Amino acid sequence: MTRPRMTPGRMLAYATLILIGIGGIAPFLYLAILSTKRRIEIVAQVPPSLSFDWQVAARNYREVLWEQGMAEFTLNSLIVVSIATLLAVLIGLPAAYAFSRIRFRGSDGLASFILSMRFMPPIAVAIPLFLMMRWVGLTDTYAGLILPYVAFSLPLVVWIMIGFFDEIPHEIDEAAEIDGASHWQILTRVQLPIVWPGVMTAALFGALFIWNEFLVSLYIVNSRSLQTISLGAATLVSAQRPIDWNIAAAVGVVTVIPILIFSLFVQRYIVRGLTSGAVK
Amino acid sequence: MTEALAAPRSHFGRPENTRRTLVLFLGPCVLYLLIFAIYPLVHSLRLSFTDLTAAAGTGRFVGLENYRFLFSDPQFWNAAMNSAIMVGLGVTIQVVAGVALAMFFNLNLRGAWIVRGILILPMLMTPIVVGVMWRALLNPDWGLVDWAITSIGLSPPDWLGSVRMAIVTLVLVDSWQWTPFVFMIVFARLQALPQDVFEAAEVDGAGPWTTFRRITLPMLMPAIVFAAVFRAVDAFRAFDLIYGLSYGGPARGTTTLAFFAFQNGFQFQNYGYAAAVAYAMLIVLAVGTTVLFRFLSLRRGLT
């Protein structure tokens, strides 16, 4: 392929490309810049200057992480998200396999029923889940959050994993079947190594949903020390009341940074997860 | 083990009991969803027939009272209107912009993959933070957007202060976050299209616009409909973005059905009424997605 010459049209295209990139990332950079400012500087410097006083930044983040408790909230979220995601994958994986590989009556109906749970507004179940957890005495515990969250990410996991299992050619498990392998052996020994990227994708999206969710935790969690990161962020930056913008910006950065770090490691799975089910 | 012997054999005569395997593989998932999704949904329906609040002594059965009140409640219709705007206007903007982006990235410019990577980020962000971030950007006194608009000599709208504008601002912020979703799905389909059709069109002398209208767009349609359905549902049930951006205000201007249900359930602790609002949403969702997915599978059968 020869390099096309720089025509005015191509220059315009590249300018557009750069503008799109700026539009995507500038809002987040702006938030990051605000998080390093003094409260009065935000109002006084428009646009904010790019000379940074790192001591002010450190003070803002210290306040957010320790005094406002975001460090603790992050830890809570990491615990809840990892356990709930692990459970959702453990429960969802065999189910997705069954939908993809075992023929049975009502398979399609049951599968689309489970997938339709993906569309359920959390608001429709938040109150009953709260009443349930209160009844069994699990409000204000990790378990009280984990149990409902598994149910939220299960449909996502099943949905994404069916797509990955469907892609594996049937010849592979037929060969294993001839050798006398059971479905359990086919799943764990033959298919799991192949669909490992799919498991990562499913886990990523299950985890992301739980990380961002805060409606259910709003009901279940009363004590400050058990707040999750999105709930903590919500109480610190709610549009209900005036806020200190430097602190709010730091809260935003603290909430988003773990997602960005995580997404760097699993970048290649993200697009696949977002578009799963779309391209047949 | 007589049952195992009598079980239907798979096509290779594997002596495995398929029914037992099914129960072991599907059972946990189905049981889990029954307890933590279906039961709460049923419970919610039951709540919608009661006057339960956080106060003691409530929870009496009141029949269809909540639903009757709902239909005469101007705040409910206000919220329904806002939801319709958020879904209708939002999905329209996101589909048009998403398809345009897909066509643009199909030029395969050098370095475009970096920008594609950037466009993933908004979708991963916590919606509350997206709301707060844009509240800062759109601040009338010191926000970056208003500064930019003013410095090129225009006057910015009152983004979040005017009742009429706030819902449009909400749609725009939602579109900033989720247009990339439509783009990714349409782009994946676009890159997978067979190239010979386009070559044939070029040989036949079709201009770029005709090619797009007559060939590209129809072939992209399944992906567009899929993305639009997902966006419609997610915009309909979104409430955390609103929580961070505008908290339903000003003057209920951004109170959608999801936010209205949340306010009744959490802030006012009218559990019964909130459940009725949630069920109104579920009915709209069920009817909407059933119709759309029937349309979808129909289309898939045709292509």
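Over chain A the average pLDDT is 86, and 95% of the residues score at least 70. Where pLDDT is low, the predicted coordinates should not be read in detail.

Between the chains, 77 residues of chain A are in contact with 81 residues of chain B. Helix H1 (residues 8-34) of chain A supplies 13 residues, the largest share of the side of chain A that touches chain B. By residue class, that side of chain A holds 59 nonpolar, 15 polar and 3 charged residues.

Within chain A, helix H12 (residues 229-237) and helix H13 (residues 245-265) have axes that come within 10 Å and cross at roughly 165 degrees. H12(A) is therefore roughly antiparallel to H13(A), as the angle is over 145 degrees. The crossing of H12(A) and H13(A) is left-handed. The residues that make the contact are listed by helix.

| Helix | Residues in the contact |
|---|---|
| H12(A) | A:Ile229, A:Ser230, A:Ala233, A:Leu236, A:Val237 |
| H13(A) | A:Ala248, A:Val251, A:Thr255 |

The contact of H12(A) with H13(A) comprises 6 nonpolar and 2 polar residues, with no charged ones.

For chain B, the domain assignment gives domain 1 (2-37) and domain 2 (73-302). The centres of domain 1 of chain B and domain 2 of chain B, taken over C-alpha atoms, are 41 Å apart.

Notes
Residues are numbered from 1 along each chain as its sequence is written. Chains are lettered from A and ligands numbered from 1 in the order in which they are written. This is a predicted model: local features need pLDDT of at least 70, side-chain atom pairs count only at pLDDT 80 or more; totals for chains, interfaces and linings use all residues. pLDDT is the predictor's confidence in each residue, from 0 to 100. Two residues are in contact if their C-beta atoms, placed from the backbone, lie within 7 Å. Helices (H or I, at least four residues) and strands (E, at least two) are DSSP runs, numbered from the N terminus. Ala, Val, Leu, Ile, Met, Phe, Trp, Tyr, Cys and Pro count as nonpolar, Asp, Glu, Lys and Arg as charged, and the others, Gly among them, as polar. Domain bounds come from an automatic or database domain assignment. Axes are lines fitted to C-alpha atoms, for helices over the stretch in contact, and angles run from 0 to 180 degrees between N-to-C directions. Angles under 35 degrees count as roughly parallel, over 145 as roughly antiparallel, 65 to 115 as roughly perpendicular and the rest as oblique. A crossing is left-handed if the near helix is turned anticlockwise from the far one by less than a right angle, and right-handed if clockwise.
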